[in-house]
Amino acid sequence: MKRVISLMAAVTTAISVMFCAASAQAAGKLVVGGKGYTEQLIMSSMTAQYLAGLGYDVDQRDGMGSTVLRTAQLNGQIDLYWEYTGTGLVTFNKVVEKLNPVETYQRVKALDEKVGLIWLNPSQANNTYALAMRKDFAKEKGIESITDMMEWLQSEDGKDAQMASNVEFSARPDGLKSLLEAYEFDMPRRNLRKMNSGLVYQALAQEVVDVTMVFATDGRVKAFDFYVLKDDRQHFPNYALTPVVRTDALDANPELAEQLNKLSALMNDETMSTLNALVDVDGLSIERVSREFLEQNSLL
């Protein structure tokens with residue numbers, strides 16, 4: 001009798017192991033990537049936690065630069081990450097034509113599909129580049145737009161003003177150089193200070209500089225009461241935050257597109273700005289902010 005019970009237990013265990021293995025195989029293994037700043041780290045953590053909760057075997061690899069991350073995805077080392085439509089269009093596909101948000105998404109989606117990358121539904125979070133000043137200072141100088149700022153920099157009052165920019169913005173084809181070309185302005189080197197992305201906000205808040213490059217959905221813009229200058233020549237392209245997945249990963253996981261689109265539908269400027277502020281201003285951990293958002297939206 002004991003032998004029968006032992007045999008039944010062994011069979012039950014074997015079936016359980018087989019079932020678990022089959023479930024893990026069905027769920028699939030996914031490598032989730034991300035860049036190295038707050039918004040990207042939040043989306044990487046949130047996506048990894050969300051997919052793990054759905055049963056996927058998730059490997060999270062973030063903290064990369066844009067080009068390194070893109071190359072890793074093309075090489076099959078990264079299955080998915082959240083990219084911006086403007087970055088995909090201008091930086092990776094070298095399209096400099098001015099397009100509206102819908103056209104930008106459609107063009108980059110069509111171009112990247114040819115190299116095995118699928119752009120899923122874009123979110124309503126548009127993390128475009130922008131220029132910002134301290135609100136009281138901008139009001140004092142009568143500056144509302146980028147054109148106003150450029151004119152002020154050419155005046156006697158503004159000729160020694162300082163503008164902060166991170167290194168990437170200074171080097172990108174859709175960054176500082178093209179901005180100055182669009183506004184027909186030649187900025188002297190003495191006016192520009194390059195620094196880490198996180199420091200540009202502190203530099204402006206502490207009056208080390210007078211104007212700085214910012215990301216539109218960064219929580220510190222609201223927290224520090226900055227004024228975002230109007231892009232009156234509509235230079236900056238749309239940067240809709242969008243999940244981008246390798247075709248192979250979607251083929252192996254048929255439900256993945258719908259699952260990621262569900263998360264994408266929850267993201268907009270206000271939501272992203274709030275999440276960023278919880279980390280950068282309130283000091284909460286990225287993992288906690290991501291987990292609580294998923295829980296609040298019944299995704300975890």
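This is a predicted model: local features need pLDDT of at least 70, side-chain atom pairs count only at pLDDT 80 or more; totals for chains, interfaces and linings use all residues.
Across the whole structure, a search finds eight aromatic pairs. One of them joins Tyr-129 and Phe-169 in a tilted arrangement, with 4.7 Å centre to centre and 50 degrees between the planes. Because Tyr-129 belongs to strand E5 (residues 129-134) and Phe-169 to helix H8 (residues 167-171), this pair ties together parts that are 40 residues apart in sequence. Both Tyr-129 and Phe-169 are buried.

Phe-169 also pairs with Phe-236, and this arrangement is again tilted, at 6.2 Å centre to centre and 45 degrees between the planes. Here helix H8 holds Phe-169, while Phe-236 lies in the loop between strand E9 (226-228) and strand E10 (241-246), so the parts tied together are 67 residues apart in sequence. Phe-236, like Phe-169, is buried. These residues belong to one aromatic cluster, formed by Tyr-37, Tyr-129, Phe-169, Phe-215, Phe-236 and Tyr-239.

Arg-220 lies over the face of Tyr-201, at 4.0 Å from the ring centre. In the case of Arg-134, the charged end sits over the ring of Phe-137, 5.1 Å from its centre.

Finally, Glu-184 is found in the loop between helix H9 (176-182) and strand E7 (192-194). Glu-184 counts as exposed because its relative accessibility is 65%, where the cut-off is over 50%. The side chain of Glu-184 makes a polar contact of 3.0 Å with that of Arg-233. Val-281 is 97 residues from Glu-184 along the chain, and 36 Å separates their C-alpha atoms.

Conventions
Residues are numbered from 1 along each chain as its sequence is written. Side-chain values use heavy atoms; hydrogens and water are left out. Helices (H or I, at least four residues) and strands (E, at least two) are DSSP runs, numbered from the N terminus. Buried means under 20% relative accessible area, exposed over 50%, partly exposed in between (1.4 Å probe, protein chains only). A polar contact is a pair of N or O atoms within 3.5 Å; within protein, one must be able to donate a hydrogen and the other to accept it, and residues adjacent in sequence count only if both atoms are side-chain atoms. Rings of Phe, Tyr and Trp (its six-membered ring) pair if their centres lie within 6.5 Å; planes under 30 degrees apart count as stacked, over 60 as edge-to-face and the rest as tilted. A charge sits over a ring if NZ of Lys or CZ of Arg is within 6 Å of the ring centre and within 35 degrees of the ring normal.
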